[in-house]
Amino acid sequence: MSVHPRAIVAAGAVVPASCTVGPYCTIGAEVVLGEECNLVSHVVVDGRTKLGARNTIYPFASVGVAPQDLKYAGEPTLTEIGDDNTIRECVTISRGTNKGGGITRVGSNNLLMAYVHIGHDSHVGSHCILANAATLAGHVTIEDYASVGAFSPVHQFCTVGQYAFIGGGTIVTQDVLPYSLTSSRRENKAFGINKIGLTRRGFTPERLNTLQKAFRLLLASRLNTTQAVEKIRELEGEDAKVVADFIERSQRGVIK
């Protein structure tokens, strides 16, 4: 393996020969790296942390570190990260807590830009983008293909739905609708579907049309939320069902 002589790899750590560990990196004794991971320099990976293959971690990132939770007392909780993630400078990913499920999980093919924070017991899906200084408090769920804008904090126990796009500087205190374009001017609002992002992801005109109908019922009609969900369920296609199910299972309410 390519381990710089100024890196510190604890006895017990699993570092495949295909990995590259740069200068001043620190890898804890219970860390397991996948094949072809690249720790550029000054990276800390600690705790019971497992990374998949081909992850690249940039300087001063800290992965699997103890949670910022005063109740945490050193319990052997977990951090799991999938494959092909890019984790940029100064990102922090905290391990889970006993009362929060015991695991912080990040999927695959994500871009975590500089200064992103993923708090304890948060779950990030795959193909997500968290822009600079996006901040997830504990117990946050980010579903697949979602994007969180720069300097956007997400409150504890909130869920950001799949394919959602959150504009920069948005303070998220309720669940963000899947497929939505959500941003703040004077207050947080959903402005309809994330049409550009969905088109780039290969959504057909028929799927976009169904989602536009669903969002008009929810955001622009005189129906209350319960009535709108009933009408959305009458629309054809799986996407409409995803929107309706998301609203009905929301614990914090959704941003409309």
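**Ground rules.** I am working with a predicted model, in which local features need pLDDT of at least 70, side-chain atom pairs count only at pLDDT 80 or more, and totals for chains, interfaces and linings use all residues. Residues are numbered from 1 along each chain as its sequence is written, and side-chain values use heavy atoms, with hydrogens and water left out.

**Entry 1: the count.** How many salt bridges does the structure hold? I found 10, taking a salt bridge as a side-chain nitrogen of Lys or Arg within 4 Å of a carboxyl oxygen of Asp or Glu.

**Entry 2: Arg95 and Asp46.** I looked up this salt bridge and found its closest N and O atoms 3.9 Å apart. The pair links distant parts of the chain, 49 residues apart: Arg95 is in the loop between strands E12 (92-94) and E13 (103-106), while Asp46 is in the loop between E6 (44-45) and E7 (48-51). Helices (H or I, at least four residues) and strands (E, at least two) are DSSP runs, numbered from the N terminus. I noted Arg95 as buried at 12% relative accessible area and Asp46 as partly exposed at 33%. Here buried means under 20%, exposed over 50%, and partly exposed in between (1.4 Å probe, protein chains only).

**Entry 3: Arg249 and Glu143.** In this salt bridge the closest N and O atoms are 3.3 Å apart. Arg249 lies in helix H4 (residues 238-249) and Glu143 in the loop between strands E19 (141-142) and E20 (147-148), so the pair ties together parts 106 residues apart in sequence. Arg249 is partly exposed at 48%, whereas Glu143 is buried at 18%.

**Entry 4: Asp245 and Lys241.** I read 2.7 Å from N to O for this salt bridge. Both sit in helix H4, and because they are four residues apart, about one helical turn separates them. Salt bridges with shared partners join Arg233, Lys241, Asp245 and Glu248 into one network.

I then listed the buried residues of H2: Leu208, Thr210, Leu211, Ala214, Phe215 and Leu218. They cover an arc of only 160° around the axis, so they are on the same side of H2; the arc is that of the directions from the helix axis to the C-beta atoms. Pro205 and Glu206 are exposed on the other side of H2.
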